[in-house]
Amino acid sequence: MNLKPERIYILSGFFLAYDFTHKPGFAHAVNLISNQKIMKLYNNLLRDFKELSLAHYALGIIASSCLGSVAAMLILMKGHTLFDMFQLFIVVSVCMGYNALVLAQFKPKIIFNSLLISLATSAIFIIINIF
């Protein structure tokens with residue numbers, strides 16, 4: 001039995017829904033609706049980000065730096081092992097990457113995506129190091 005996906009829905013590199021049959025079921029419909037809502041939210045935020053890009057760049061630098069510094073503090077409070085230093089390297093690299101893209105004046109969509117990645121990375125490492 002050779003299963004090939006007929007449809008694959010992708011959002012930010014994650015495969016969210018697979019449809020191996022031609023019969024859409026309830027779970028498929030729910031995934032499709034939630035994917036549409038997420039993409040609509042993303043497009044609305046991106047449009048707003050582009051309209052007031054200079055203000056959002058500054059707010060993004062502040063948010064990314066503050067969240068990154070909280071993540072760095074929690075990582076260093078946990079210890080100074082090689083794994084902790086690797087976590088610190090990841091957080092600092094991602095936050096500085098956003099700042100570099102703003103200073104290099106990349107396109108707003110690239111800067112917006114890097115802001116989302118920076119905030120998500122910092123939040124993940126905060127959650128990991130709290131518990």
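What share of the contacts in the protein with a separation of 6 or more comes from residues 24 or more positions apart? The share is 57%, where contact means heavy atoms within 4.5 Å. This is a predicted model: local features need pLDDT of at least 70, side-chain atom pairs count only at pLDDT 80 or more, and totals for chains, interfaces and linings use all residues. Residues are numbered from 1 along each chain as its sequence is written, and side-chain values use heavy atoms, with hydrogens and water left out.

**Overall make-up**

- The protein contains four helices and two strands. Helices (H or I, at least four residues) and strands (E, at least two) are DSSP runs, numbered from the N terminus.
- Along the sequence, the order is β-β-α-α-α-α.
- Of the 131 residues in the protein, 29% are buried. Buried means under 20% relative accessible area, exposed means over 50%, and partly exposed lies in between (1.4 Å probe, protein chains only).
- The protein has an accessible surface of about 9200 Å². Carbon and sulfur atoms hold 73% of that surface. Accessible areas come from the Shrake-Rupley method with a 1.4 Å probe; for residues, only the protein chains shown count as cover.

**Helix α2 against helix α4**

- Helix α2 covers residues 53-78 and helix α4 covers residues 108-130. Their axes lie 9 Å apart, at an angle of about 25 degrees. Axes are lines fitted to C-alpha atoms, for helices over the stretch in contact, and angles run from 0 to 180 degrees between N-to-C directions.
- α2 and α4 are therefore roughly parallel to each other. Angles under 35 degrees count as roughly parallel, over 145 as roughly antiparallel, 65 to 115 as roughly perpendicular and the rest as oblique.
- The crossing of α2 past α4 is left-handed. A crossing has that hand if the near helix is turned anticlockwise from the far one by less than a right angle, and is right-handed if clockwise.
- On the α2 side, the contact residues include Y57, G60, A63, L67, V70 and L74. On the α4 side, they include P108, I111, L119, A123, I126 and I130.
- By class, this contact of α2 with α4 has 16 nonpolar, six polar and one charged residues. Ala, Val, Leu, Ile, Met, Phe, Trp, Tyr, Cys and Pro count as nonpolar, Asp, Glu, Lys and Arg as charged, and the others, Gly among them, as polar.

**Helix α2 against helix α3**

- The axes of α2 and α3 cross at roughly 170 degrees and come within 10 Å.
- That makes α2 roughly antiparallel to α3.
- α2 contributes H56, I61, S65, A72 and L76, among others. Their partners in α3 include D84, M85, L88, V91, C95 and N99.
- The contact of α2 with α3 divides into 12 nonpolar, seven polar and two charged residues.

**Helix α3 against helix α4**

- α3 and α4 pack with their axes 9 Å apart, at an angle of about 160 degrees.
- α3 and α4 are therefore roughly antiparallel to each other.
- α3 passes α4 in a left-handed crossing.
- From α3, the contact uses residues including Q87, I90, V94, Y98 and L101. From α4, it uses residues including I110, S114, I117, T121 and F125.
- The contact of α3 with α4 has 13 nonpolar, six polar and no charged residues.

**Residues to look at in the helices**

- S122 sits in helix α4. S122 is buried, with a relative accessible area of 1%. Beyond its neighbours within four places in sequence, S122 contacts L67, G68, A71, V91 and C95.
- S122 and V70 are 52 residues apart along the chain. Their C-alpha atoms are separated by 8.1 Å.
- T121 is also placed in helix α4. T121 is buried, at a relative accessible area of 15%. Leaving aside neighbours within four places in sequence, T121 contacts I90 and V94.
- N99 belongs to helix α3, residues 82-103. N99 is buried, with a relative accessible area of 14%. Not counting residues up to four places away in sequence, N99 touches I61 and S65.

**The α3-α4 loop**

- Q105 lies in the loop between α3 and α4.
- Q105 is exposed, with a relative accessible area of 69%.
- The phi of Q105 is near 55 degrees, a positive value in a residue other than glycine.
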